[in-house]
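Here's a quick walk through one chain, from its overall build down to a single residue. Have a look at the model first, then read on.

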Amino acid sequence: MTLDYHLHTTRCQHATGTMDEYVEQGLKMGLKEIGFADHLPLSPAPRGTWSCDWAMQEEELEEYISDVIKLQKEYPEIKIKLGIEADYFPESIKKTKTLLNNSSWDYIIGSVHHIGPWPIDSSLYLGEFTKRDLYKTYETYFELVAGAARSGLYDIMGHLDVIKKYGFRPQVDLGSLYKDLVKELKASDVAFEINTSGLRKPVKEIYPAPALLEELLKGNVPVTLGSDSHAPSEVGKDFEVAIKLLKEFGVSKIASFTGRTRLLIPLE
Ligand SMILES: [Zn+2]
Ligand SMILES: [Zn+2]
């Protein structure tokens, strides 16, 4: 069974297409299960965070949830999960938890898109990569991801090494950073996603990088799949690459989620 747990909607202001179109594409791609995981309102973002208006508004959250529930009834031929991609800000994790408290999510994806106020995956601030020590930037980034895992809020850690998106990569071995991160994810009992959107970005590599993926799988961290679709045509995109990779590493099961309970199902 193949699933795609990372679909966005136009509410985040940088995606296109109707939610129906995402579902239709999921069916066309032969997926048995899809999950919407649009960007949670960034209102818990700390004051002073640099331009980050790429999430739904808080008043849109209810409608987002009811739209997913409506689709579940309209398309009984495919499982449609209610997920969300929630930014991790250490300073406001309590507010984020409160915001997510009252809804029946199937899963919550935890993503780090910021180091302090700096949105690291925005093309607007690439200069920061050259102003800072690159290895330290990676170290700080992975510490934040570990902190997100430890927060206990998340089921799936999103695009683990999105810090590489624009191709800024330290020319040294990242093995010890990877090992530390895997230890943290294991201790926190969270899953991670193979996110194929990296293939469509300047770095042209799946998240996570092969060496990190190897560590994660050696450490038995559960894996799931996400396209990070911001357009209907991206649903299930490049999954043949992801699945081939997983099979090369001997993976036969992937993580699915219902009501925040994880279940390993066969990878087809
Ligand atoms: Zn997005
Ligand atoms: Zn993301």
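Let's begin with the secondary structure: in this predicted model, the chain comes to eight helices and eleven strands. As for overall build, the radius of gyration is 17 Å, close to the 18 Å that the globule rule gives for 268 residues, so the chain is as compact as a globular protein of that length. If you'd rather think in boxes, the C-alpha atoms fill one of roughly 50 × 45 × 30 Å along the principal axes. Of the 268 residues, 44% count as buried. And if you take contacts between residues at least 6 apart in sequence, 78% of them join residues at least 24 apart.

Now for the sheet. What is the strand order? Seven strands line up as β1-β2-β3-β4-β7-β8-β9 in an open sheet, with parallel pairing. The edges are β1 and β9, each of which pairs on one side only. In general terms, strands of a sheet pair through backbone hydrogen bonds, either parallel or antiparallel.

Here are the elements that come with residue ranges:

| Element | Residues |
|---|---|
| β1 | 3-7 |
| α1 | 19-28 |
| β2 | 33-39 |
| α3 | 93-100 |
| β9 | 223-226 |

Let's zoom in on the β1 end. Strand β1 pairs with β2 in the parallel sense over three bridges. Is β1, an edge strand, mostly covered or mostly open? Mostly covered: five of its five residues are buried.

Finally, a stop at L100, which is found in helix α3. For a sense of scale, take T10: L100 and T10 are 90 residues apart along the chain, and their C-alpha atoms are separated by 20 Å.

Conventions: Residues numbered from 1 in each chain as written. Chains lettered and ligands numbered in written order. Predicted model: local features only at pLDDT ≥ 70, side-chain atom pairs only at ≥ 80, totals over all residues. Pairing = 2+ DSSP bridges. Helix = DSSP H or I, 4+ residues; strand = E, 2+ residues; numbered from the N terminus. Rg over C-alpha atoms; globule rule 2.2 N^0.38 Å. Buried ≥ 20, exposed ≤ 12 C-beta atoms within 10 Å, placed from the backbone. Contact = placed C-beta atoms within 7 Å. Right-handed = clockwise from strand over helix to strand, strands pointing away.
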